[in-house]
Protein chains: 2
Amino acid sequence: MRFVRTFLLLSLIPGFPMGIHAQTTPPQAAHSYTAAHQAELTRQFADFLSIPNVAADPASLRKNAEFLLAQLKARGANAQLLTAPGLPASVPPLVWGEFRTPGATRTIVFYAHYDGQPVTPSEWDTGAPFTPVIKQVDGEPRIYARGAGDDKAAIFAQLQALSALQAAHIPLKENIRFVWEGEEEAGSVHLEQMLMANRSLIEGDLWLVCDGPVDQSRQQTVVFGARGDAHLQITVYGPAHPLHSGHYGNWAPNPAMMLVQLLAGMKDADGHVLIPHFYDGIVPLGPIERQALASAPVNDEMLRKEFELGHTDGAGKHLLELLNEPTLNINGISSGQTGTHATNSIPHTATVDLDLRLVVGVDGKIQQQRVIDYVRAQGYFVTDKEPTREELLSNAKVAFIHADQVEPASRTPMDLPIAADVIQAVKSARGNVILIPTMGGTVPLEVMEHAANTRTITVPIANHDDNQHAANENLRLQNLWDGIETMAALIAMP
Amino acid sequence: MRFVRTFLLLSLIPGFPMGIHAQTTPPQAAHSYTAAHQAELTRQFADFLSIPNVAADPASLRKNAEFLLAQLKARGANAQLLTAPGLPASVPPLVWGEFRTPGATRTIVFYAHYDGQPVTPSEWDTGAPFTPVIKQVDGEPRIYARGAGDDKAAIFAQLQALSALQAAHIPLKENIRFVWEGEEEAGSVHLEQMLMANRSLIEGDLWLVCDGPVDQSRQQTVVFGARGDAHLQITVYGPAHPLHSGHYGNWAPNPAMMLVQLLAGMKDADGHVLIPHFYDGIVPLGPIERQALASAPVNDEMLRKEFELGHTDGAGKHLLELLNEPTLNINGISSGQTGTHATNSIPHTATVDLDLRLVVGVDGKIQQQRVIDYVRAQGYFVTDKEPTREELLSNAKVAFIHADQVEPASRTPMDLPIAADVIQAVKSARGNVILIPTMGGTVPLEVMEHAANTRTITVPIANHDDNQHAANENLRLQNLWDGIETMAALIAMP
């Protein structure tokens, strides 16, 4: 395995010194280390990215886990793979590692995930999401592969921060733990179970969640919460099989037209959701969070140009404000076929995948039910199974709705003492820091907080324009070098 | 080639007798012939269906044409492949054949097409649209393959009707011509050009168009017109590439939501099109056509159950009435991905393929423009090219609309003298006959009428439930045996 070989070359001194205080600060040590080894570290990262990490391929996820276990052990960590009793071997394990520090008063747990979103290789420029390539974008190198930004970058940065601290003989001050998940993109369906089965190993005074992107201005961000997430898949029914659009057009209902009419009423032209009670229960931001939001940069116009948007939703509110509201997003819609495969047919069914982001105070199951109630109010017979012939014949309109697992939203107060230490450590590495009450994306913060009896703060390192969750996912390499410095500061924080 | 070998076995006597009047009628001759050779004819038909016939594969379309040319020649026809000056060799030719009859006063031209709709093999039960299989449905055998019903059945029936007449020594009374097209499912884009380049070969007193399905009651149908067809593909734009639905949800406009809101307003809940002027200009049916419609069977409730429909469009009008109105049908819609490939993303674009059926008095280009005007009236900047970055940035909403070739509608008066002869010939084969003013589907009748300076009457033979234009296309074999009798009666008609 190429990565292991090259890794050993760089870290001949595993483990941490005890009580010997070095002259350099942790970020300085990380800077020297990455500057001296950029080419080698880039190659190592590419090796890591070349191990496929999608849910459909549990064997490869297992390879990622075993690879990371070896990396932790090579750095002197007490490490193991964690699962829960009764789970099948195909469930990707947690990769767990620990450095205990004599005299430490706190335990900091670093969370990240090694799995990635599903891939459709044909959509990638390379056609190969697990064959990493380096490309120059705006004169800066980026590495392209599934997981590059979300979230292998964070894991790799933590491993290299450990190496840098060890190379500079910088001792740790707190107990440090790592918990790296393999099911985050699949909804973290077993995370709570695995954490609860290993509580003594995963508890800590704080979980530092290293996932998601930094601010679009490329300044380092510290985030105190994340939106939750819930999904719905809705299928509506036309004829029992596709019909000739000439011979039956005007008479056989078209499920695509039914679905667009159902969905169109869910939002207004500004993107405001019209489903009754959709915004009920939202816990408002406090004065500190509102102040942080007011101080954060407004990148909207820069982003509008970057994304070539002629307008934005939100009726004039800024992006960072809008992240504190729940969403209803069409992830995908399909019925019949478009383009060269289109045929003159009335399709059999039409399907939409909806993504509902949640904020603190909005329960995912309740939010899903609000959508289901809305569909029913539009005259649909709603079922959670494939409808029977009898159901199809006896109801004017039928919708099969599958409601997925829910991930709750979470938000940590910005004024906790440990929060001040985190902010200080990140500032020591990156200078100015942007504080954000709520990240738009979802990480299972609430599950961690509950299982580990702790609070969470999120320190992302990826560039915002990393195409995460889409084709051509990438990491701007400068974000990796910066991220290693940030992680070194946090791992060695007082 | 298996088919040719087996064919020669059955038709040892090519050509027609002259002046020797046989005892049996043409339908009786066809009945005896098919009854004696069913297994062999089924095998021959399967051989014909196993030659792929989609537009994406011109080489295979050519094989179909050469195969059919050989079939005509083997039956003694004067035959050749027709094209037009300047057309590339990849354009599928017309297969043309002729039997001249001394003393004939009329020339009857039989039209059908040998190409089929595009295929998506994964949607077929067999995964192989060109590997014909026979299955029992409701105790009756059907043959499954692309083209089985639409429209190789008609060509095969004409060839076997010739064989049956020849075997029974039944002479022809009129000049008979065959024109078999290879681009019907691709919009007959070169048909007019090829007909105009060969006018003396294709003119006739009547074109008998053998395409489409018979009535849902399985009774033989004679059709006097067809709806025309026009297409539009509309693409609307979200972010320049897919974005994380968490990090940008509520702010970056979702093109799928934009598209569903655009489409939803195009129809009401009954399927009535709301686009201004959509129904303007329709030429109403005359008293004879209205009488025919009133006499035709109403199969709506049977079809509703067959297709498992909980409701039908049209505000209570019958299917056969609704075929005399223009349509707006969503052939396909797509944005992002659904199901296991769905990701939490705001998609880049959303696309719909629309099919607009036309009736006499409604011009296709005007109808397309009405839809384009509607899109513009919803606030869209409309372009007929991929929009530029500048266009995307400077317009709130952008739609790229591609308007395809148009096929006009056509309707022949039911009271022409030659129409009476056709109805009589079909009745001699099938007994009761249903007369329909307008077929819902589209065949290029208007092009034929214009180029061949003639009128058209359509005599379909396929079963209505043949899944034409969709996966698992099939032909009920009884429709083939009946169709051979009908074609024999028409080929030998006075």
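Across the boundary between the two chains, A:I333 has B:S335 in β12(B) as its bridge partner. This is a predicted model, in which local features need pLDDT of at least 70, side-chain atom pairs count only at pLDDT 80 or more, and totals for chains, interfaces and linings use all residues. Residues are numbered from 1 along each chain as its sequence is written, while chains are lettered from A and ligands numbered from 1 in the order in which they are written.

Strands here are DSSP runs of E of at least two residues, and helices are runs of H or I of at least four, numbered from the N terminus. Two strands pair if DSSP finds at least two bridges between them. β12(A) and β12(B) run antiparallel and are joined by five bridges.

Within chain A, β12 (residues 329-336) also pairs with β14 (residues 349-358), again antiparallel and over five bridges. There, A:I333 stands opposite A:V352.

Let me turn to the whole sheet. Ten strands form an open sheet of mixed pairing, in the order β15(A)-β16(A)-β10(A)-β14(A)-β12(A)-β12(B)-β14(B)-β10(B)-β16(B)-β15(B). Strand β15 (380-383) of chain A and β15 (380-383) of chain B stand at the edges with a single partner strand each, so one side of each has no neighbour in the sheet.

Finally, I consider the contact between the chains. Counting residues as in contact if their C-beta atoms, placed from the backbone, lie within 7 Å, the contact takes 80 residues from chain A and 80 residues from chain B. On the side of chain B that touches chain A, β12(B) gives the most, with eight residues.

Terms used
Contact = placed C-beta atoms within 7 Å.
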